[in-house]
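Subject: Structure handover

Hello,

Here is the structure I said I would pass on. My notes on what turned up in it follow below.

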Amino acid sequence: MSSKENIDFRSDTVTLPSEEMLEAIRHAPLGDDVFREDPTVNRLETLAAERMGKEAALLVSSGTQANLISLMNNTKHGELVILEAQSHIYWYEVGGISRIAGLLPWPLTSRIGAFDPEDLEVAIQHQDIHFPEPALVCIENTHNRHGGTIIKPAQIKAISDVAHTHGLKLYMDGARIFNAAVALKVDVKKFTKHVDNLMFCLSKSLCCPVGSLLVGTCEFVEKARKLRKLLGGGMRQAGIIAAPGIVALEKMIDRLEEDHRNARRLAEGIAEIDGIKVDLSRVQTNMVYFDIADLGISAESFTSRLEEYGILTLNLDNNIVRMVTHRGIEEEHVKKAIVAIEKVSEELHR
Ligand SMILES: Cc1ncc(COP(=O)(O)O)c(C=O)c1O
């Protein structure tokens, strides 16, 4: 929670570390990670690789840095990257894909997060002398701007078959991949099996203060280590970041189910309110997006009015409001939020 009075639904990044995480930080054995001598980092990286069913992993400072390193790692400067049009890499990473990695993003649209393998095939076939060489395909799972939607293992396989047939690598921005695994009640390895490499975040619904992990082959991770250094991301006693990460992987995954239940309750409650539209089919994990266009007010003004009731939300685009459930949001908070949204909507109807 951002303050005592407010209930903070803006993002799962607002989560604070648990007592156990703070204890783990306090007692973590430390060393210089640039020399590979931090035992806590080494333990976390081994654990992350095992969990994902890949050879190796690397701790980096953020999801954005993980994506940038992976883009650079999987391509050569000047090549083309096919990604989903609403993806975080395309929208929210300051254009690092072009500015730093020197790549041409080639966005494909999709209905709810996973582009059609046939569209991918067409996009790859379309390339000729006028275009840079396509090198990489990226997916995002769960898909943030589509509402925390899941790309199922079978869909990943179909996309990977097309990418690999044409000699392209497949990378997954799996910032919230554990949400997908918990929601479908399957091992996370089912999602990672068909991608060449991926990242996932510790700092979102897993409640850590900092950190993301890149996961892939030993060769990928060795190269990533050097790219991380290039980008100024080599860390020293990073065990203080890794220690809560170990707690997260061991203790914080199963509880995501609770966040999903709360998101569903919230979405169903909001769907009952006049003038608000919620696409319940998109409420698959811990996010709820709703459309307030019919209320005749901008999402920015709507979120400001909700704030007066102590409910913090995020306005995305003109008419869209986002709410995210996470550790610290309980059923009673969901009820309060629904009441506040109802009140604000009624005030507007008057
Ligand atoms: C899907 C996705 N990828 C990457 C990121 C970037 O993570 P960070 O904020 O740690 O840079 C985010 C952040 O919200 C995200 O939602």
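Two strands are taken to pair if DSSP finds at least two bridges between them. Strands (E, at least two residues) and helices (H or I, at least four residues) are DSSP runs, numbered from the N terminus. This is a predicted model, in which local features need pLDDT of at least 70 and side-chain atom pairs count only at pLDDT 80 or more, while totals for chains, interfaces and linings use all residues. Residues are numbered from 1 along each chain as its sequence is written, and side-chain values use heavy atoms, with hydrogens and water left out.

Three bridges hold the antiparallel pair of E12 and E13 (residues 320–324), and in it Leu-316 sits opposite Ile-320. The loop between E12 and E13 contains Asp-317, whose phi is near 55°, a positive value in a residue other than glycine.

Elsewhere, E2 (residues 56–60) and E8 (residues 212–216) run antiparallel and are joined by five bridges. Leu-58 is opposite Leu-214 of E8. In a regular strand the side chains alternate between the two faces of the sheet. In E2, Ala-56, Leu-58 and Val-60 point one way and Ala-57 and Leu-59 the other, and all are buried (buried means under 20% relative accessible area, exposed over 50%, and partly exposed in between, with a 1.4 Å probe and protein chains only).

Pockets and the cavity

These were found on a 1 Å grid over the protein atoms alone: a cavity is a set of points where a 1.4 Å probe fits but cannot get out, and a pocket is an open set with protein on both sides within 12 Å along at least five of seven lines; lining residues have an atom within 4 Å of a point. Grid points are joined across faces, edges and corners, and a volume is the space filled by probe spheres set on the points. For residue classes, Ala, Val, Leu, Ile, Met, Phe, Trp, Tyr, Cys and Pro count as nonpolar, Asp, Glu, Lys and Arg as charged, and the others, Gly among them, as polar.

The largest pocket has a volume of about 350 Å³. Its lining has 24 residues, with His-88, Tyr-92, Asn-144, Arg-176 and Lys-204 nearest the centre. By class the lining of this pocket has seven nonpolar, ten polar and seven charged residues. Helix H3 gives the largest share of that lining, three residues.

The second largest pocket holds about 290 Å³ of space. Of the 17 residues that line the second largest pocket, Arg-145, His-146, Arg-282, Tyr-289 and Ile-320 lie nearest its centre. E10 gives the most to this lining, with five residues.

Residues lining the cavity include Arg-176, Phe-178, Phe-200 and Lys-204. The largest share of the cavity lining, three residues, comes from H8.

The ligand

A residue is near a molecule or strand if one of its heavy atoms lies within 4 Å of it. There are 13 residues around the ligand, and Gly-63, Thr-64, Asp-173, Arg-176 and Lys-204 come nearest. A ligand oxygen atom is 2.8 Å from a polar backbone atom of Gly-63. For the side chains, an N or O atom of Thr-64 is 2.6 Å from an oxygen atom of the ligand, and an N or O atom of Arg-176 is 2.8 Å from one.

Loop details

Most residues other than glycine have a negative phi, and most peptide bonds are trans. Asn-141 and Thr-142 are joined by a cis peptide bond, with omega about 5°. Thr-142 is in the loop between E5 and H7. His-143 also lies in the loop between E5 and H7, and counts as buried because its relative accessibility is 0%. The side chain of His-143 makes a polar contact with the side chain of Glu-84 at 2.8 Å (a pair of N or O atoms within 3.5 Å; within protein, one must be able to donate a hydrogen and the other to accept it, and residues adjacent in sequence count only if both atoms are side-chain atoms).

Lys-185 has a positive phi, near 55°, and is exposed, with a relative accessible area of 67%.

Regards
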